[in-house]
Amino acid sequence: MAPCCDKLYTCRLCHDNKEDHQLDRFKVKEVQCVNCEKIQHAQKFCEECSTLFGEYYCSICHLFDKDKKQYHCESCGICRIGPKEDFFHCLKCNLCLAINLQGNHKCIENVSRQNCPICLEDIHTSRVVAHVLPCGHLLHRTCYEEMLKEGYRCPLCMHSALDMSRYWRQLDDEIAQTPMPSEYQNMTVDILCNDCNGRSTVQFHILGMKCNICDSYNTAQAGGCRISLDQQ
């Protein structure tokens, strides 16, 4: 029973799709049994016919679901799909993350409270798993997979979204086999690296400019091209 409009809905998503407002799941007090139609306090079993409303039931979120090893995270404030021992709650990111990321990810304060930069929809309460990029930003896993079809950089900070070292080595070989015309061979350019944020001056090449600090080709030109003075 939706307390906001006193209407019966199968789930909060059905309610939100039909109404012009969102259901506050935490304020739900009553449910109706689909078998005997008795309206009663929200609970796991029907008090009239003992029908099981859900293999998993959370008395805080009022979530009824099949058993997916769910657990309620008090810090997140909602239920997460587990098992619980495979996750930990990062207090700074304010989100439950896979246990293999504990001490092995870049924290951004309250990053889960930001919308996904791809689809612009909520991440914290989404049913789609969040993917943590090396820079610490979050995307929906599905949005991340779609992004990789078009590019490799975080849409927020332009940092490489995955390990590109193998591709950089391939680019080294391509550049070595593709010399620039003689009028460009002594030309240098200032670049800014999106991966290490370092600045360097490198030889201009149409295929890419390699950062002198971290060897990344994820760089952007930070000044005009010029002929090296010692080679004029």
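Here are some notes on the domains, ring pairs and charged pairs of this structure.

1. First, a word on what you are looking at: this is a predicted model.

2. Let's take domain 3 and domain 4 as a pair. Five residues of domain 3 and four residues of domain 4 make up the contact.

3. How much area do domain 3 and domain 4 bury between them? The figure is about 370 Å², and 29% of it sits on carbon and sulfur atoms. On the domain 3 side, look for Met 158, His 159 and Ser 160: together they supply 64% of the area that domain 3 buries against domain 4, more than any other three residues.

4. What holds the eye at this contact is its polar pairs. Between domain 3 and domain 4 there are five residue pairs in polar contact, counting pairs with both residues at pLDDT 80 or more. By class, the domain 3 side that touches domain 4 has two nonpolar residues, two polar ones and one charged one. Salt bridges between domain 3 and domain 4 come to zero.

5. Now for the rings. A pair of aromatic rings is described by how far apart the centres are and by the angle of the planes. The model has seven aromatic pairs. One of them joins Tyr 57 and Phe 64, and it is stacked because the planes meet at 25°, under the 30 degrees cut-off, with the ring centres 4.6 Å apart.

6. Phe 64, at 26%, counts as partly exposed.

7. For an edge-to-face example, go to Tyr 152 and Trp 168. Their ring centres are 5.7 Å apart, and the angle between the planes is 80°.

8. On to charges. Side chains of opposite charge can pair when their charged atoms come close. How many salt bridges does the model have? The count is six.

9. One of the salt bridges links Lys 38 and Glu 47, where the closest N and O atoms are 3.8 Å apart. Lys 38 is partly exposed, at a relative accessible area of 28%. Glu 47 also falls in the partly exposed class, at 48% relative accessibility.

10. Another salt bridge runs between Glu 146 and Lys 149, with 2.9 Å between the closest N and O atoms. Here Glu 146 is partly exposed, with a relative accessible area of 45%. Lys 149 has 60%, so it counts as exposed, which takes a value over 50%.

Note on methods: Residues numbered from 1 in each chain as written. Predicted model: local features only at pLDDT ≥ 70, side-chain atom pairs only at ≥ 80, totals over all residues. Heavy atoms only, no water. Contact = heavy atoms within 4.5 Å. Buried area = accessible area lost by both parts, 1.4 Å probe. Salt bridge = Lys/Arg side-chain N within 4 Å of Asp/Glu carboxyl O. Polar contact = N/O pair within 3.5 Å; in protein donor to acceptor, adjacent residues only side chain to side chain. Nonpolar A, V, L, I, M, F, W, Y, C, P; charged D, E, K, R; others polar. Phe/Tyr/Trp six-rings, centres within 6.5 Å; stacked < 30°, edge-to-face > 60°. Buried < 20%, exposed > 50% of the residue type's maximum accessible area, 1.4 Å probe, protein only.
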